[in-house]
Amino acid sequence: MAAIRAWDLGVVVRLFRQHTGLSQAAVARLVNIDQAEVSRLERGRKKIRDRRQLAQWSEALGVPDGLLGPLPDVDRPSSMADSMGNHLTLPDGHGQLLLPAGRNLPPTALPTLTGPVASLQGDALLLASSGEAEAWSRMPLRALLAVHHSGDGTERYFVTDARGGVRDEAGSPFAIPMAYEFDAFTLGILWAAAGFDSAILGDDAALYGELDLPSQDLSGVGRQSVTLDGLTDGSQMLVGSRACARFILDQRNQLAGDPVFWTREQRGEEAATWLLFEHKHRYLELMAPARAHDGVGRAFCVPHQEVAASPMYERVLLFLAIALMESYGITTWVTDEADLQQTEGFALVPGHRAAIATWVRAESAPQTALTSRARSLRAFAGITGHARAHSVTMGSTSGERLAATSDYLGLDREWLTHRCGQLAAVGTTGLARPRSRHLSLDALDRACAYVAAELRSEAGAPVGATR
């Protein structure tokens, strides 16, 4: 109890392992992190002062709820390194970055080749080339090149996709932008990109042979014929999302107006589909309102318990997906009303029609229907009206809503603004180059640029300012 009250989770973990006989690797799997982080906790080199994360760990390790009551009500720690994971580490030389499993995505292991920084060049760190680095740059599978650099008394790591390595003018070293610092932000991008890439590429033959995927126009009349049986969960998410997007686009004339939307994404894994699935970005472009933030909105239901259970990298992805909506002139509302989380997804033109389209957490195949029943329309209007009136991220401007969203998700605004600005300047392709033809980073880059501009404006800094 004293260790919990002192925020010393390292002692708790060590005692827990002594009592259960579990290894550090086993504990890491329980709490969805890597073994190195468990080791740093036990050695006192890492502290957790985020109440949400402490509660999540304590629940996973079986710490009684009563012991958490006396803790200070601290939602965000004073140390950015602790709260944002700014100083994640990688093994020197040959190693693997073990990305944890999500609710649908499998665990993924990325080969890594890590060495010391050779020199600095502007906003990039140079990894001296070698025959080994050259060979890794031609590796067909996803792999990472990384450098470590000491600054301010801490060791910081920077990563790049091995096939996206950029050489300097002399053509020798690999240049890794400082924007690609290995922290919760880049971890989230790598986690989602690698997870979906692996899942979808595993079903490439089935998707190519059975799924009609027009290359340009989502609103085409072609229909999916592939069954979900036998597909990976990531591929099922692709198929379900595609079917629902196409259905709503097919019904656009029937809806006869700009609809308001209810969406079921609650976690970063689900929301990352907006950032990575190429068809979803095209769908947003086609459905963007003629007049930005003129009554068109999308409501999310994200209860407190989902925020508390989400690792930081997933909360970053959810935040970026919400920012992407805002960038297309769609006002976002977030309700924490847990009783509404099972509501099916829909696009509603009040008093006229609603297109029901549900694929997130659907029990089997995606569910689609068109209704004009007055009772259903009143129910849908009541749900979106409640979300609009009681949004926990309410604001009169996009910047205000994004600031409120970052606060609700427990993310530091200054950190988000800085990291989004960095990544917007260099793009994310060099970090997480997609392998699957169904994935794209265009939406992710757009979201980063929008967040940097809006949050800087909200903070009163010039939009073009840098740190």
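**Cores and a cavity in a predicted model**

In this predicted model, the largest nonpolar core contains 103 residues, and those with the most contacts inside it are Phe182, Phe185, Phe196, Leu275, Phe319 and Leu320.

User: What makes this set of 103 residues a nonpolar core?

Analyst: A nonpolar core requires buried residues of types such as Phe and Leu, joined through side-chain atoms within 4.5 Å. The 103 residues form the largest set of this kind, and helix H15 (residues 312-327) gives the largest share, 12 residues.

User: Which residues does Phe196 touch, leaving aside those up to four places away in sequence?

Analyst: Phe196 touches Leu105, Gly234, Met237, Glu269, Ala272, Thr273, Leu276, Phe277 and Leu439. Contact here means heavy atoms within 4.5 Å.

User: What makes the space beside Thr263 and Trp274 a cavity, rather than a pocket?

Analyst: In a cavity a 1.4 Å probe fits but cannot get out, whereas a pocket is open. Thr263, Trp274, Arg298, Ala357 and Trp359 lie nearest the centre of the second largest cavity, which holds about 200 Å³ of space. Four cavities reach 30 Å³ or more.

User: How is the lining of the second largest cavity made up?

Analyst: The lining divides into 12 nonpolar, four polar and four charged residues. Helix H10 supplies the largest share, four residues.

Terms used. Residues are numbered from 1 along each chain as its sequence is written. This is a predicted model: local features need pLDDT of at least 70, side-chain atom pairs count only at pLDDT 80 or more; totals for chains, interfaces and linings use all residues. Side-chain values use heavy atoms; hydrogens and water are left out. Buried means under 20% relative accessible area, exposed over 50%, partly exposed in between (1.4 Å probe, protein chains only). Helices (H or I, at least four residues) and strands (E, at least two) are DSSP runs, numbered from the N terminus. On a 1 Å grid over the protein atoms alone, a cavity is a set of points where a 1.4 Å probe fits but cannot get out, and a pocket is an open set with protein on both sides within 12 Å along at least five of seven lines; lining residues have an atom within 4 Å of a point. Grid points are joined across faces, edges and corners, and a volume is the space filled by probe spheres set on the points. Ala, Val, Leu, Ile, Met, Phe, Trp, Tyr, Cys and Pro count as nonpolar, Asp, Glu, Lys and Arg as charged, and the others, Gly among them, as polar.
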